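Here's a quick tour for someone new to this structure. Take a look first, then read on.

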Amino acid sequence: MAITVRIMPNNVNPLVVIAAYDGLCTFEFGCAFEVFGLSRPEIGPDWYRCATAAVDAGPIRGAGGLTLVPDGGLELLGEADSIVIPGWRGPGARAPEAFLEALRQAHRNGRRIVSICGGAFVLAQAGLLSGKRATTHWHHVAKLAAEYPDITVEPRALYVDEGDVMTSAGSAAGLDLCIHVVRKDFGAKAANSVARRLVVAAHREGGQAQFIERSIPPVSGANLSALLDTIRGRLSETWSIERMASEARVSVRSIQRHVRDATGMAPGEWLQGERVAQARELLEETTLSVASIARHTGFGSATNFRNQFRAIVGLPPAAYRSRFHGGAV
């Protein structure tokens, strides 16, 4: 039986405007349009609206010989709830001043702005990353940091969420960020549904490494992937770093290195993320009490769960459930 997920976002049918420029990075553009531009009847009638806005006059040509006919010009940025900059012509290419000013005005008006890959350089040129954390493709992080020392560049992150401004690493990390936006607006169930349609991972933490510089040495006596899967299935239990090392039959120092190499995060940080992800799903899909969810996910007390969940997600569990709890129709 087909199941329709009815979850209400911040705004009914929020408008996502994707910037289109001559020399368009078509893969990054495709990532944004695939997530925000396609209809999702399985999620319900409150899904995003999507439009493309021309940054440049004349033909908008993309990589691969494609030509795009946008829905309008920069005036659309003022109507958007969210704006996506899918890549850019190059880290050294200056964006048109009209585009930069339109972004500044949209930001002043409370619009959320999302960049993929080299789009971070456009945000930097507009001054919208000053004093904030950001990332971009690993190949260009040094240039971003050198040219804009007032930005805290996260060289290993897949994406960085600063609330009203978000940046992602190269290419496919843009999909991770777009799905993260869906999760924030519609909840984990909707994000999982989109990910299934795209046949990609439902959730990768923003702090996960962009790439692994060397192959991960096998963990003696156990497979790291199997260990992490075991922990995911038994989050209610206590998983100290000593226990992880014991289960893997390696030293504490070794397990710390293996987990960081595989996930880009320290073991405790990774574990916390898995617990929060499971808690999100339980809040959305069940009527379990906060105390029960705290026990199921390993947070222990309801008080500790509320404090940790709010610190990471930005909402207390009850408010998150009120906003995102969905039922089958």
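Buried here means under 20% relative accessible area, exposed over 50%, and partly exposed in between (1.4 Å probe, protein chains only). Helices (H or I, at least four residues) and strands (E, at least two) are DSSP runs, numbered from the N terminus. This is a predicted model, where local features need pLDDT of at least 70, side-chain atom pairs count only at pLDDT 80 or more, and totals for chains, interfaces and linings use all residues. Residues are numbered from 1 along each chain as its sequence is written, and side-chain values use heavy atoms, leaving out hydrogens and water.

Let's start with strand 6 (residues 112-116). Five of its five residues are buried, so the strand is largely enclosed by the rest of the structure. R112, V114 and I116 point one way, while I113 and S115 point the other. Strand 5 (residues 82-86) runs parallel to strand 6, joined by five bridges; strands pair if DSSP finds at least two bridges between them. P86 sits opposite I116. Strand 10 (residues 165-168) is also parallel to strand 6, with three bridges, and there V165 is the bridge partner of I113.

Now for the rings. Phe, Tyr and Trp rings (for Trp, the six-membered one) pair if their centres lie within 6.5 Å; planes under 30 degrees apart count as stacked, over 60 as edge-to-face and the rest as tilted. The structure holds 11 aromatic pairs, including these:

| Pair | Centre to centre | Angle between planes | Type |
|---|---|---|---|
| F29 and F33 | 6.3 Å | 15° | stacked |
| W47 and F186 | 4.8 Å | 45° | tilted |

W47 and F186 are 139 residues apart.
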